[in-house]
Structures are given as C-alpha cells and as structure tokens.
Amino acid sequence: MDNLSIYLKLGWRNLWFHPLRTVLTSAALAVGIAALTFLSAMDDGWMQQIKTNFALTVTGHIQIHAAGFEDSRKLSQRIESPEQVITSISSEAGIQAIAQRVRVSGLASSAGSNAGAFIYGVEPEKEKAISRLASFVNKGSWLPDGDERGAVLGDVLADRLSVAMGDKLVLMAAVPGGDIASEVFRVRGLLHSGVMEVDDMIVIVPLKTAQHWLGLGGAVTDIVIRADSFEQVTPMADGIKSMLSAQVLNGTDHKGLSSGQILETLRWNDIDPMAEQWADFADAYTWIVLLIVIVVVLVEVLNTMLMSMHERVREFGLMGALGVMPAQVFAMVIWETVILVLIGGLAGFVIGGGLSLWYGQQGIDLSQFAVAFSFMYMDPVIHPVLELDSMLRILGAAIIGAMIAGLIPAWKASKLEPVHALREL
Amino acid sequence: MSDTLISASGLTRYYESGEMKVAALAGVDLTIERGAYVVLAGRSGSGKTTLLNMLGGLDRPDTGSLVIAGDDVLVKSTSERAAFRLHHLGFVFQSYNLIRVLSARENVAYVLQLQGMEKKERFALADHWMAEVGLQGFENRRPDQMSGGQQQRVAVARALASNPDLVLADEPTANLDSHTGESLMALMRRLNEQQGTTFVIASHDPAVIASARTLVNMQDGQIVSVEGKDIEAVKGDTVS
C-alpha cells in the first residue's frame, strides 16, 4: 500500500511537471470519452425507445399462440380455450396484464375505395393495459364498451379509404374453412402511432364480434402478456414455456390445444427479430466507434508517456541505482499512464454524462428524419439514457487501453540499465 | 583483526570500440576495510568510474570476483542486485542526483520507504539527516529550488539515511564551485569519522584527493599506487 502511494505520488507529480502537455493530452482524452459517453447514452436511449415502442405499440412483451401461427397466420391454428391457458399462466410472477386477440389479414372497403388491412379483434378495456393503441387515438374515441360494430383504424388507412367518423367500413377475411366472410363496422376512432405499419394498415374491432364474424367461437389467435419490465420477459417466457410443456407431457391437457397442437410462447424479439437485430447492430457500431476513439486517444497517451520516459532516462537510472526493482519501475510508469487516462476519462465522463443527462431531460429533436425513424419504432425526439453497463464498458476500455499504451514506455523504462541510463544527458 | 568490507579480485572489463577492444579495467585486486575513506584518483579513462560501478553492482566485470559485506555480488540476478544496493549501498552521483518531483525530505525518505519504513519514522530520520548535512529548513524544497551544492548535500543525506555499509560517490564535486566542493568533502569526511560509514569516491578533483585518508591511483584500468592507510591492494601495497 505504501509502495502504491509512492507510485501515485510520483505519477501525479510527474504529470504536472509539464502541465501544458498533461492538459492537452487529458483534453484529447476528455473529448474522446465525452463523445463516447454521449454517443453511448444516445444509443442506449434509442434502443430503449425501440424496444419499448416495439413491444408496447402493438406486440406486447410475450405472445402465446397455437404452434405455427406466427409463421402461417392461419386461423386454423388457434387457441381453442384461451381462458384455461390464462388461468394456468396467471400465477407466473411479473405479469402486469393479459389480453386476448384475434389477428387476421383481410380487406377493408369503404364506399369509395378498398385496401389491405391487419385486422385486430381486441378486448377493448384489457387492451388498454397491454398496448398503447388506445392512447394513439387522435380522432373520435377508443372502442366503447357494448359497441359491437365499432372500429378504430389507422389515420393513413382512413385517408386511403376516404372514411371519417361514423362511416361504414366493410371488412373481409378468410375464415378457417377457407371461405371469405365479411362484416360491417362503423368508424368510431382514428389513431396515429407514428409507426407506418400501424397507421397504414391497422383496423381494430371488438374481439367478440371478430370471433363471431370469423366463426371462431371462443377461440383466439393470441394471448398477449405485458410484463412489469423488459428484464422479466425472458425468464417469464421460459417459465410459461415449461409450464405449458409440462401440462402437455403430464397428460393434464388444459384444452388450450387444438387438434393435438402444442402452443408456442414467443417474446417480443422472437416475433420480430428486427428490433433486436437493430439493437445488436447499434451495439456493434458503438463498439467500433469506441475502439477507434480509444485507439486514437491512446496513441496520444502513448506519445506523451514516451516523451516523458525519454526525458527521465537518468531519473530511472538513478532509481535503479538506489535499488528500485525493474518491476517497480514498470508499475510506476503504468500507474502514471492510468492516472493520466483517469484525469481525462473522468473529465470526459463528467462532460459526456452532463450532456447526456441534460439532453435526456430536454430530448434531441430529430423530427426532420421522422419518416425514416417510424420504420424503426423510433420517436423523433431522442432522450439519451446513461446506463451503468455502458459507462463501465467505456471506463474498462479506457483503462485497458491505458495499460496497453503504458506497456511500451513501462517496459522500456524497466529494462534500462542504471549504468547506461545514468550516462544519458 | 581486519574487518573486510570489499574484496575484489582480478576484475576486468572490456569495451568494444569499433574493432578494438579497450580494457577499462585490466585485472584489479582490491580490498577495502570497513570505515575506510578511499578516493579513486586518475585521469579520465583511467577506470575509476568503471571500478566504482562494479563496486556498486551497477556493472558486471568480464572476469573476476567481487564480495561485498560477505555477499558474492556477481552471482546475483538484476533484481537481487537492486535489492542488495537498496539495503547495503548509498550513492552520490555527479549530477541529476535527485528525483525532480520530490521534495528534499521525500528524496531522502524515498529509499527508506522502499525499505519498508513507516512514514512517520522515515520522515523523522530524513529530517535528522537533512540537519546533519546542514540543510535544516530546506526539507520541503524541490531540487529545482536548491543550488547544486545543496542538492549534493541532500544526496549525501539520502545515501547515509539508510545506514548503508558503503557509500559510493562518482565525481561528487564536478558540478560545484571549489568552495562548495570543499564544504561537501568536509561533510563527507566528518560523517565518515562520526558514523564510521565506508566511503569510496571516484574523482580527479584535487580537493577531493586532498580529503582522502587512502588514495588509490589508477591508470589504464589498473591500480598503480596506493597511498595512506586503511587499504590493502595489489602489488603488495597494504593499508591497515
């Protein structure tokens, strides 16, 4: 501990022996670390937005279907007794809300036009606790209780169909037997989510009406779950999967199966891997930028340390003559490098963290790119988020980089022969 | 009964200069007893600094043997020689003797810290030695805030603070004016007499030579004469 204190003291004082050089190197480091911190916080903010928007706009955190439905989207693959499935999974910890849906692709027609549509039959009140669909309604109202013929649709789709509040809307879709069935609804509300896929395509109708119209009886296509947090999604999905498989294996069929089919339990990122792939891509991109910045900055650190080492050759020789071990000289130079990186790194964290917190509150308005962002479930206003993992990653990379940058001068200093070093001018 | 501190036998050291081999030391036998105050004198290139570096474990001879304080120095590894220097030797060099970023007190205490002495104890000892070399009140000054003579006095304080068996000084007055040089020599001589610490000093400065209790004259890598007492060297010159 006493040796460490002399390393730190010597390191600190040697750095400030040339204050301008230290300030310039630290400033370069600070700018690099600040940029990384801010970039990382923006990336984390983005990712949180994408995940949250993707999961809560429509999808929910977890969906249970009859096996194969997510790929086929055929009504023949449906959950016959959803209530029993819900009863058996409702004891799983961390479930905030559960709702049933019927989901089918079809055709929406108005008096003047028609368009392809994603038709969702939902339980209006329960749906409010699962997705943000109800909150996106900006004209008219969400599906009122008891209104069996009400429909809410995306505002872009409404424009294409030229329908307004109260207008008639005919929906057509294939029923399980293959026939086409149609049903008449009245437009009660229009929604705008900012997500193109939703605003262009979605039509939401009451679940019971959809079940009746499509000949499903009490069956549904989706049981949708909202978890308390993202962290709970994977363990919860695993728990539900094993619970449902055990029931099948034990022969205590919960009658949620249709014709011997088993159920599939999918997380939000299984349903559409795009969001996760985008997150992975952004993560990889951040790593590459991190690597580049760290390399550039550490070349600067290496340069500073080599200069410092060369002007102190006699001092290292003197230390060696006095009895300082080569390993101690090595450690001393490494500590000096770490101190230099910590000065710049901490300043960078303060600047980058401060900017991230401030913009986290204020948001960064990128609405001029809103259309492009809507594909990615991104809001036009980004709120950077400081995450501990990311901060530790940057700090770790900086310190490891400092060690690497310090290795060459430390090795050179430790290998100096005192008798030769003392002759240096 | 003699108390031998240094026993060197047949020390040779060659340097290559182009295709020539130059003998910096050409078979030196030397015995020095504890408490001696020896000056190695000779012109530039006579081999006195090379011999001093050998005695300090800073350089290795090509042939020969060297035992200091009962330890065979030449069989030790680099780290073992560093540890040996830390615990047995003190150094005073010609210039750039101090660590630039440490105060005078910290410079003196540095070796003590490496030896594992507690802070309070080492600072008290450092202050004692600062007073011994006449630098009381200079404890917190950095090297660049002191004169060359004061810096050399701090180096002497550092060399003696760890209570070494042997203090080696290489041209300690070379960068000092004559008055300061004489004052430094008087200090080292006084400390030798009071503390009984063995000093071996390499110099061609007349003031240093004049301060010697034993003078070893070197020429072309060999000892050519020994004057005074305390030393027993080759060629039958014996000093007791």
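At what angle do the axes of helix H2 (residues 19-59) of chain A and H11(A) cross, and within what distance do they come? I looked this up before anything else. The axes come within 10 Å and cross at roughly 170 degrees. That makes H2(A) roughly antiparallel to H11(A). The cut-offs: under 35 degrees is roughly parallel, over 145 roughly antiparallel, 65 to 115 roughly perpendicular, and the rest oblique. I sorted the contact of H2(A) with H11(A) by class and got 18 nonpolar, six polar and five charged residues. Nonpolar means Ala, Val, Leu, Ile, Met, Phe, Trp, Tyr, Cys and Pro; charged means Asp, Glu, Lys and Arg; the others, Gly among them, are polar.

Ground rules, noted once. This is a predicted model, with local features needing pLDDT of at least 70, side-chain atom pairs counting only at pLDDT 80 or more, and totals for chains, interfaces and linings using all residues. Residues are numbered from 1 along each chain as its sequence is written, chains are lettered from A and ligands numbered from 1 in the order written, and side-chain values use heavy atoms, without hydrogens and water. Helices (H or I, at least four residues) and strands (E, at least two) are DSSP runs numbered from the N terminus. Axes are lines fitted to C-alpha atoms, for helices over the stretch in contact, and angles run from 0 to 180 degrees between N-to-C directions.

Next I followed helix H11 (residues 273-311) of chain A to helix H13 (residues 326-362) of chain A. They pack at about 135 degrees, with axes 11 Å apart. That makes H11(A) oblique to H13(A). Their crossing is right-handed; that term applies if the near helix is turned clockwise from the far one by less than a right angle, and anticlockwise is left-handed. H11(A) brings residues including A:Leu298, A:Val301 and A:Met305 to the contact, and H13(A) brings A:Val333 and A:Leu340, among others. Contact means heavy atoms within 4.5 Å. The residues divide into six nonpolar, three polar and one charged.

I then checked H13(A) against helix H15 (residues 388-415) of chain A. The axes come within 8 Å and cross at roughly 145 degrees. This crossing is right-handed too. The contact has 21 nonpolar, three polar and no charged residues.

For domains, which come from an automatic or database assignment, chain A has domain 1 (2-55 + 275-421) and domain 2 (68-261).

**Chain B, strands**

Which strands does S1(B) pair with? I found S2(B) and S4(B). Pairing needs at least two DSSP bridges. Strand S1 (residues 4-17) and strand S2 (residues 20-33) of chain B are antiparallel over 11 bridges. B:Tyr14 has B:Ala23 as its bridge partner in S2(B). The two strands form a hairpin with two residues between them, and B:Gly18 in the turn has a positive phi of about 65 degrees. S1(B) also pairs antiparallel with strand S4 (residues 63-68) of chain B, over five bridges. There B:Ile6 is partnered by B:Ile68.

I also traced an open sheet of six strands in chain B, in the order S6-S7-S8-S3-S9-S10, with mixed pairing. Its edge strands are S6 (89-92) and S10 (222-228) of chain B, each pairing on one side only. The twist averages 20 degrees from one strand to the next. Helix H6 (residues 178-195) of chain B packs on this sheet and touches S3 (37-41), S7 and S8 of chain B.
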